[in-house]
Amino acid sequence: MLRPSVKRTPRVSRTTAWQLLRGWASRPRRSIVLPLSGIAVGLIAAGAAVFHEAPRPTTTVPAGYVALVNQQGLLMSDFISQAATEMEEPFEQTTPAQRRKVLREMIDKELLVQRAEVLDLPETTIEVRTVMADAVNAQAAAPVLAQDPSEAQLRAYYEAHKTRYSTEGTMTIRNLVLHVGGYQNADQSIAQAEADAVEAVYQLRSGASLDYVMEHFGFADANPQYDTLQLDFAAQIHLGKKLYATAQTMTAGQVSDPIVDTDGVHVLVMLQRQAPVAADFPTARSQVYTEYQQQRALRAQQRNLQYLRRQAQILLAPGQSE
């Protein structure tokens, strides 16, 4: 007779069970031993670094330097340049006493700079940060400014900005106005004021006196405190952009057409006028050179900032924009 088959659970030998038991017993020890081993290795490495002999300080000034201040070098070229600039003569002609004075100043400045770094002034003081930013801008512009522009470049810049290079004009002008609106002029309309102004202009151009026209038509003096001779830039401030656009085209003795503005209808009477005179290129060359170099420096600084921005990670607080 066949016996039914019975599925038996595999039996673990004593040897295998003993190995499993030993492995289970050793696991906690490995979990402790491995971190402790890492710590020990780290301490040994740190100890080696602590007891490793530090580089010996330099006891002689390297070639190309004039001094070492706390192991920071002062360049001989900077020393020569500063001595020549401060004494206003070639370095070879400066005296030993003058050179000692300049060197002492350079060492003092280096000590102050090093102290500022220890105090973290570049991080905490606005004035220091401004000076540092200006220094970087100057460094970015230096290569461009080292190259003098050609005469053709300067002349082209002059032609493109010729209006900048002229004498300041002057004028003595009366600004008459017929006010419209408000309590005293409630019944006066723009159309009525323009009609009166047209007639007033006709009479002024025909030789009528200014006082008579003002009294007859009811004009007010809009700027009585500025009826004297004044520079064009001051007149532009007092007249405003719209009225000044007409005034700068007038000559002495001219009367303008009526000009409608926000406060009423104006009539300008030019009593004296000296128009600006444009300076020719030879006269303006010095100013042209200065402004041309300033524009070149500004472009170099902007290119430098664009590069720095591309390399930087800039995060703005919520709600902020630039």
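I began just past helix α2, where Glu88 takes a positive phi of about 55 degrees. A reminder to myself: this is a predicted model.

Next I stepped back into the helix itself. I found that α2 covers residues 76-87, 12 residues in total. From first C-alpha to last it reaches 16 Å, close to the 16 Å expected at 1.5 Å a residue.

Which residues of α2 are buried? I noted Phe79, Ala83 and Met87. Looking down the axis of α2, I saw its buried residues fall within an arc of 35 degrees, so they line one face of the helix.

Then I looked up what covers them.

On to the cores. I looked up the largest nonpolar core and found 16 residues in it. Leu204, Phe219 and Val267 have the most contacts inside this core. At least two of its residues come from each of β3 (170-179), α7 (190-205), α8 (210-217) and β7 (264-274). The largest share, five residues, comes from α7.

What does Phe219 touch, leaving aside residues up to four places away in sequence? My list runs Leu176, Val177, Leu178, Ala197, Ala200, Val213, Met214, Val265 and Val267.

Terms used: Residues numbered from 1 in each chain as written. Predicted model: local features only at pLDDT ≥ 70, side-chain atom pairs only at ≥ 80, totals over all residues. Heavy atoms only, no water. Helix = DSSP H or I, 4+ residues; strand = E, 2+ residues; numbered from the N terminus. Expected span 1.5 Å × (residues − 1). Buried < 20%, exposed > 50% of the residue type's maximum accessible area, 1.4 Å probe, protein only. Arc of directions from axis to C-beta. Core = buried A, V, L, I, M, F, W, Y, C linked by side-chain atoms within 4.5 Å. Contact = heavy atoms within 4.5 Å.
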